[in-house]
Amino acid sequence: MSKLVEQLKADFRMVEGLKACINCGTCTAICPAAGVSDYDPRVVVDTVQEYNEESLISLLKSDTIWRCGECLSCKTRCPRDNVPGYVIQALRSLSIDTGYFMESEQGRKQLALKRTIGEHILQYGYCVYVDEVNTEMYPEQGPVWDWLQKNKEQVLERVGTSYGKEQSGALRKIPEESMSNLKKIFDETGATERFEKIEEYAKQYARQEGIGFDSGKQCEYFKKMYEE
Ligand code: SF4
Ligand code: SF4
């Protein structure tokens, strides 16, 4: 068995997510991502269970593994107790660890996800946070949102949120201790290291392609991946 296959099999999500697939297609029938794209979890699981290095590398380099929405509907229906969504999680991690994610269009967008959802979780404890939603990045919010941003403290108070306050309720400030525990979870699970790899590989790619690269959301590479 190749080293790469061994690396995949060692991921606990593979142990939990793939016992033996009988190719029945129930996961594909229930999968919302399969309903709107050419994504097919049955094919992914069937390919993985060949444990063939060449097929595995093709998957790691493909857009396919980034199509799953991680809703885990497949977990509830598989007659063999497999979880294609977990298999996809293991494939995504391996794709980042090996750098293969940079070979697909969807994979190259991981930097945009890391710098938005990922960093918002670490900064605020929320994947989407009101302070970071602006009409430059989310033009669909329209001019009313600009007004709301300028007046958010009064508006969010009037609608009964706990914005910025250390108390219970929506948009509350997450206590320092919880934020520090969150960071520890990222460190312990390898997410921090994976974030660094996304940055590192994206930087290399940007350099090769002559695209500007910097930190934050104003850098040329980020904007290109985010907008395209
Ligand atoms: S539902 Fe389960 S057994 Fe059926 S194809 Fe999907 S993973 Fe395989
Ligand atoms: S977790 Fe992924 S593969 Fe499973 S049903 Fe949801 S979108 Fe489909």
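The sections below take up the domains, the ligand shells and the helix contacts in turn.

## Model and domains

The structure is a predicted model, and the values that follow were computed from its atoms. The protein chain is divided into domain 1, which covers residues 3-100, and domain 2, which covers residues 107-227. Between the C-alpha centres of domain 1 and domain 2 there is a distance of 27 Å.

The contact between them draws six residues from domain 1 and six residues from domain 2. On the side of domain 1 that touches domain 2, the residues fall into two nonpolar, three polar and one charged.

## The shell around ligand 1

Ligand 1 is surrounded by 14 residues, and the closest of these are Cys21, Cys24, Thr26, Cys27 and Cys78. Two elements, α3 (26-30) and α5, are the ones that give two or more residues to this shell. When the shell around ligand 1 is sorted by class, eight residues are nonpolar, four are polar and two are charged.

## The shell around ligand 2

Around ligand 2 there are 15 residues, with Cys31, Cys68, Cys71, Cys74 and Gly85 as the closest. The elements that contribute two or more residues to this shell are α4 (32-36), α7 (73-77) and α8. Of these, α8 gives the most to the shell around ligand 2, with three residues.

The class division of the shell around ligand 2 is eleven nonpolar, three polar and one charged.

## Packing of α5 against α8

Helix α5, made of residues 41-48, packs on helix α8, made of residues 84-98, at an angle of about 60°, and the two axes are 10 Å apart. With that angle, α5 counts as oblique to α8, and α5 passes α8 in a left-handed crossing. From α5 the contact takes Pro41, Val44, Val45 and Val48, while α8 supplies Pro84, Val87 and Ile88. The residues of this contact comprise seven nonpolar, no polar and no charged.

Helix α10 (residues 110-124) packs with helix α15 (residues 220-227) at an angle of about 100°, their axes being 8 Å apart. This angle makes α10 roughly perpendicular to α15. Leu111, Ala112 and Arg115 of α10 meet Tyr221, Phe222, Met225 and Tyr226 of α15, and the residues of this contact divide into six nonpolar, no polar and one charged.

The axes of α10 and helix α14 (residues 191-209) come within 9 Å and cross at roughly 140°, an angle that makes α10 oblique to α14. The crossing in which α10 passes α14 is left-handed. Gln110, Leu111, Lys114 and Gly118 stand on the α10 side of the contact, and Phe195, Ile198, Glu199 and Ala202 on the α14 side. By class, the contact of α10 with α14 has four nonpolar, two polar and two charged residues. Leu111 takes part in the contact of α10 with α15 and also in the contact of α10 with α14.

Terms used: Residues are numbered from 1 along each chain as its sequence is written. Chains are lettered from A and ligands numbered from 1 in the order in which they are written. This is a predicted model: local features need pLDDT of at least 70, side-chain atom pairs count only at pLDDT 80 or more; totals for chains, interfaces and linings use all residues. Axes are lines fitted to C-alpha atoms, for helices over the stretch in contact, and angles run from 0 to 180 degrees between N-to-C directions. Helices (H or I, at least four residues) and strands (E, at least two) are DSSP runs, numbered from the N terminus. Angles under 35 degrees count as roughly parallel, over 145 as roughly antiparallel, 65 to 115 as roughly perpendicular and the rest as oblique. A crossing is left-handed if the near helix is turned anticlockwise from the far one by less than a right angle, and right-handed if clockwise. Two residues are in contact if their C-beta atoms, placed from the backbone, lie within 7 Å. Ala, Val, Leu, Ile, Met, Phe, Trp, Tyr, Cys and Pro count as nonpolar, Asp, Glu, Lys and Arg as charged, and the others, Gly among them, as polar. Domain bounds come from an automatic or database domain assignment. A residue is near a molecule or strand if its C-beta atom, placed from the backbone, lies within 6 Å of it.
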